[in-house]
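Dear colleague,

I am handing over the structure we spoke about, and it is placed directly below this note.

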Amino acid sequence: MNPDLWNVELSTVFIVFSKFLAFCILVLYLAFSIIVWRQIQTMARVLRVRVVGYFKVAILAHAALAAITFFALLVMS
Amino acid sequence: MADLDSAPDTERELLQAEVRPLAETRGELTPEIPTKSSSLASFIPFPSDIEFKDKNPGEKILLLLRQHPAKNLRWVIGVLFALVFSLMFLNPLAFKALFGFILPLRLFIFVDLALYLLLFIYTFERFLFWFFNVYIVTDRRLIDIDFQNLLLRRISDTHLYVIQDVTYHQQGLAESILNYGDVLVQTAASETNIDFVSVPKPGQVAGLISDLIHKQRR
């Protein structure tokens, strides 16, 4: 087998794998964010505290930032 | 929730006037009652901006407790350790120095970002559990709100008139120095026993509950 061809195939595999990895992490993270969001809602129904609004904003902002970062990485790679 | 700011100030004064004589007899609680406490505190007398589910009309919250912040120390140290570890070792230069070869920078960015995001979620979730696991003392009952995870929620309450005994204990160096411990509330056999675990100022809490029980019995 041609060694150059082997190297090209390896780098292609690596790029595809890294994109797949980034996508998996993004999906996992967004799933976690949704779970935490649901937790906050459930907890806030039992104990009504004013600062709960800030928690929701924090988790939304962080989830959005994570999505933007990972999509940027996906596009770059 | 909207008019919590306006009404409770006078209400709080009335409550303080009601509880103060009880607490003063023991020389506890009253000197440290602030007019307003942060929602993030672990010992909140007369919380003005906190309500709970199934609160009866006219029922007044006298004290809201969470576990002492020192109980969070273990996972906080774990998170800090993971952060320091990632900063020190999960970068191309450190990796080359340790293992003698270089991996693509993109891989480190992926791994670091994933780690930071997971650390954030973990920290946030632990904080939420600390924040929402509360013990509430009202003028009628004691309430223990427990969140184990998303699916498991346990709320138990005990009316003051069925309480038979209130004790507290502090054991260990940390509990003695930082003044936190467990308050054990024993009720009649058919009722649930409520334990306030690792709450700040357990002596004052036990004293307040005893005073409330005596007041109810009179």
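**What was found**

Chain B contains 6 helices and 9 strands, where helices (H or I, at least four residues) and strands (E, at least two) are DSSP runs numbered from the N terminus. Please keep in mind that this is a predicted model, in which local features need pLDDT of at least 70 and side-chain atom pairs count only at pLDDT 80 or more, while totals for chains, interfaces and linings use all residues. Residues are numbered from 1 along each chain as its sequence is written, chains are lettered from A and ligands numbered from 1 in the order in which they are written, and side-chain values use heavy atoms, with hydrogens and water left out.

**Chain B**

Of the 218 residues in chain B, 44% count as buried, a term that stands for under 20% relative accessible area, as against over 50% for exposed and partly exposed in between (1.4 Å probe, protein chains only). The accessible surface of this chain comes to about 11600 Å², and carbon and sulfur atoms account for 59% of that; such areas come from the Shrake-Rupley method with a 1.4 Å probe, and for residues only the protein chains shown count as cover. If one takes the contacts (heavy atoms within 4.5 Å) in chain B between residues at least 6 apart in sequence, 54% of them join residues at least 24 apart.

One open sheet in chain B is built from 5 strands in the order β1-β3-β4-β5-β6, with antiparallel pairing; two strands pair if DSSP finds at least two bridges between them. Its edge strands, each of which pairs on one side only, are β1 (43-45) and β6 (153-159) of chain B. On average, neighbouring strands of this sheet are turned by 10° against each other, direction ignored, given that axes are lines fitted to C-alpha atoms, for helices over the stretch in contact, and that angles run from 0 to 180 degrees between N-to-C directions. Strand β5 (residues 141-147) of chain B is joined to the antiparallel β6(B) by 7 bridges, and B:Ile143 stands opposite B:Asp157 in β6(B).

There is also an open sheet of 3 strands in chain B, with the order β7-β8-β9 and antiparallel pairing. Here β7 (163-169) and β9 (194-200) of chain B are the edge strands, each pairing on one side only, and neighbouring strands are turned by 15° against each other on average, direction ignored. Helix α6 (residues 202-217) of chain B packs on this sheet, where it touches β7, β8 and β9 of chain B, and its direction makes about 165° with that of β7(B). Between strand β8 (residues 180-187) of chain B and the antiparallel β9(B) there are 5 bridges, and B:Val185 has B:Ile194 as its bridge partner in β9(B).

Helix α2 (residues 73-89) and helix α4 (residues 105-132) of chain B pack at an angle of about 170°, with their axes 11 Å apart. That makes α2(B) roughly antiparallel to α4(B), since angles under 35 degrees count as roughly parallel, over 145 as roughly antiparallel, 65 to 115 as roughly perpendicular and the rest as oblique. Among the residues that meet are B:Trp75 and B:Leu83 in α2(B), and B:Tyr116 and B:Phe127 in α4(B).

**Chain A**

Chain A has 2 helices and 1 strand, which run α-β-α from the N terminus on. Its mean pLDDT is 79, and 86% of the residues score at least 70, on the predictor's scale of confidence in each residue from 0 to 100.

Best regards
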